[in-house]
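I opened my notebook to look at one protein chain, piece by piece. Here is what I looked up, in the order I went.

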Amino acid sequence: MAALEWLDPVFVAGHWTPQLIELAGGEDVLGTPGEPSQTVTWDAVRAAEPEVVVVMPCGYDCARAEQEALVYATELRALGARGVVAVDAAAYFSRPGPRLVDGLELLGRILHPELVEDGPAGAAVELGELSLPG
């Protein structure tokens, strides 16, 4: 999984997010647990070959994350991931606190929908076959 906190420039999630991904049964192919978020290139994200990409722009809700993902649909599609999901980072990932548990459940749902039935309502949108805006 690649967790992207920003798309221009591309920032991969750091701090607690890589640990949340691991606890949810995934592997963060770019982030480093306990380290700050870091900038990378789209080529670096593509080279990491993420199976799932979570678009989680820092401080943005789900609707705004979806808008950002659609602006970068070409780049996201080029990653070849089986899934791209936009999430409510403001509520579930951007700040340490009790709602990180909900973020963990959300990641579990994204990674293992056959095992985790529900996540927080309105917290994520599957972008499927990303289409270019307009």
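**Entry 1: a pair of strands.** I started with V55, which stands opposite A86 in β5. Strands here are DSSP runs of E with at least two residues, helices are runs of H or I with at least four, and both are numbered from the N terminus. I then checked how β4 and β5 go together: they run parallel, and four bridges join them. Two strands pair if DSSP finds at least two bridges between them. On to β6: three bridges join it to β5, and these two run antiparallel. V87 has A124 as its bridge partner in β6.

**Entry 2: ground rules.** I noted that this is a predicted model, where local features need pLDDT of at least 70, side-chain atom pairs count only at pLDDT 80 or more, and totals for chains, interfaces and linings use all residues. Residues are numbered from 1 along each chain as its sequence is written, and side-chain values use heavy atoms, with hydrogens and water left out.

**Entry 3: how covered is β5?** Is β5 enclosed or open? Five of its five residues are buried, so β5 is largely enclosed by the rest of the structure. Buried means under 20% relative accessible area, exposed means over 50%, and partly exposed is in between (1.4 Å probe, protein chains only). In a regular strand the side chains alternate between the two faces of the sheet. I found G83, V85 and V87 buried on one side of β5, and V84 and A86 buried on the other.

**Entry 4: V87 and the cores.** I listed what V87 touches, leaving aside neighbours within four places in sequence: its contacts include V54, M56, Y60, F93, L106 and I110. Contact means heavy atoms within 4.5 Å. V87 also turns up in the largest nonpolar core, which has 21 residues; M1, M56, V87, F93 and I110 have the most contacts inside it. A nonpolar core is a set of buried Ala, Val, Leu, Ile, Met, Phe, Trp, Tyr and Cys residues joined through side-chain atoms within 4.5 Å. The elements that give two or more residues to this core are α1, β4, β5, α5 and α6. Of these, α6 gives the most, with five residues. Apart from this core lies another one, of 18 residues, with A2, W42, V45 and A65 among them.

**Entry 5: helix α6.** I checked the length of α6 (residues 100-111). Its twelve residues should span 16 Å at 1.5 Å a residue, and its end C-alpha atoms are 16 Å apart, so the two agree. The expected span is 1.5 Å times one less than the number of residues. Which residues of α6 are buried? They are L100, G103, L106, L107, G108, I110 and L111. These pack against α1, β4, β5, α5 and β6. Not counting residues up to four places away in sequence, L104 touches L20, L23 and A24.

Entry 6: Most residues other than glycine have a negative phi, and most peptide bonds are trans. I looked for exceptions. The peptide bond from D8 to P9 is cis, with omega near 0°, and P9 is in the loop between β1 and β2. H15 has a positive phi, near 50°, in the loop between β2 and α1. E49 has a positive phi as well, near 55°, and is in the loop between α2 and β4. Is E49 buried or exposed? At 62% relative accessibility, E49 counts as exposed.

**Entry 7: a buried glutamate.** With a relative accessible area of 18%, E68 is buried. E68 touches L7, P57 and Y60, leaving out residues up to four places away in sequence.

**Entry 8: stepping back.** The chain comes to six helices and six strands. From the N terminus on, the order is β-β-α-β-α-β-α-α-β-α-α-β. Of the 134 residues, 45% count as buried. A compact globule with 134 residues would have a radius of gyration near 14 Å, and the chain has 13 Å, which agrees. That radius is taken over C-alpha atoms, and the globule rule is 2.2 Å times the number of residues to the power 0.38.
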